[in-house]
Amino acid sequence: MTSRYDSIKDLFTSIAPDLQGINSWRYQKQISGGCQEFVEAISFHHYLETQTLITHAEAQALIPDGVELTADDYVLGLFDLTGELMRFAITNIATNGTLPRGAATAGEESEGRDILMDLRAVRTSFETLDTSMGPNDYSYLKKDIQKKVEVMRQSVGKVEYAAYGMIIRGRERPKGWVPDLSEGQERGREPVESY
């Protein structure tokens, strides 16, 4: 991760001079998508290590001085995180037959929270966001929120559906089951990557 992070940090550093003074908001629309993708990536990494969301302050600390991580970009990046968590959960269910879980902490049962519990908590929190603003106010969050909420709901729904299927079918596949891919390779086809 360090080499990729260093590359991204260099790119942020290269645009920092253009974002100073009166230009601090001039190019916000152009860098917003990159900031959201950065938050998505670092929050996924942070979640895998700690099973918690990265805070705005922690995310801002990973971006070089001179580039501001707006609250809108932070929140929209966390919305995108739900898609990454969905792919991670579905892959784990398909390959291991279980939902990813964190380690147990004080006060929890023998096993830690699973990723579905965390996705549901994030969904509940995001669904309570109030993005209403005055008629002259503008926010990327207000503009993009409806689409992001719908995609987030779909992501959480996919994990719920996969978990329910795993439980209801009684985990039909034996643990460690892997599909036989040799048939497709014999015909000269490349294996297809999917989640």
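How many salt bridges does a search of the whole structure find, and which residues form them around Arg120 and Glu160?

A: This is a predicted model, in which local features need pLDDT of at least 70 and side-chain atom pairs count only at pLDDT 80 or more, while totals for chains, interfaces and linings use all residues. Residues are numbered from 1 along each chain as its sequence is written, and side-chain values use heavy atoms, with hydrogens and water left out.

The search of the whole structure finds seven salt bridges, a salt bridge being a side-chain nitrogen of Lys or Arg within 4 Å of a carboxyl oxygen of Asp or Glu. One of them joins the side chains of Glu160 and Arg120, at 2.9 Å from N to O. This pair links distant parts of the chain, since Glu160 lies in helix H6 and Arg120 in helix H5, 40 residues apart; helices here are DSSP runs (H or I, at least four residues), numbered from the N terminus. Glu160 is buried, at 14% relative accessibility, whereas Arg120 is partly exposed, with a relative accessible area of 29%; buried means under 20% relative accessible area, exposed over 50%, and partly exposed in between (1.4 Å probe, protein chains only). Through salt bridges that share partners, Arg120, Arg123 and Glu160 are joined into one network.

Another salt bridge brings together the side chains of Arg113 and Asp118, at 2.6 Å from N to O. Arg113 is partly exposed at 28% relative accessibility, and Asp118 is buried, with a relative accessible area of 11%.

How values were computed: Helix = DSSP H or I, 4+ residues; strand = E, 2+ residues; numbered from the N terminus.
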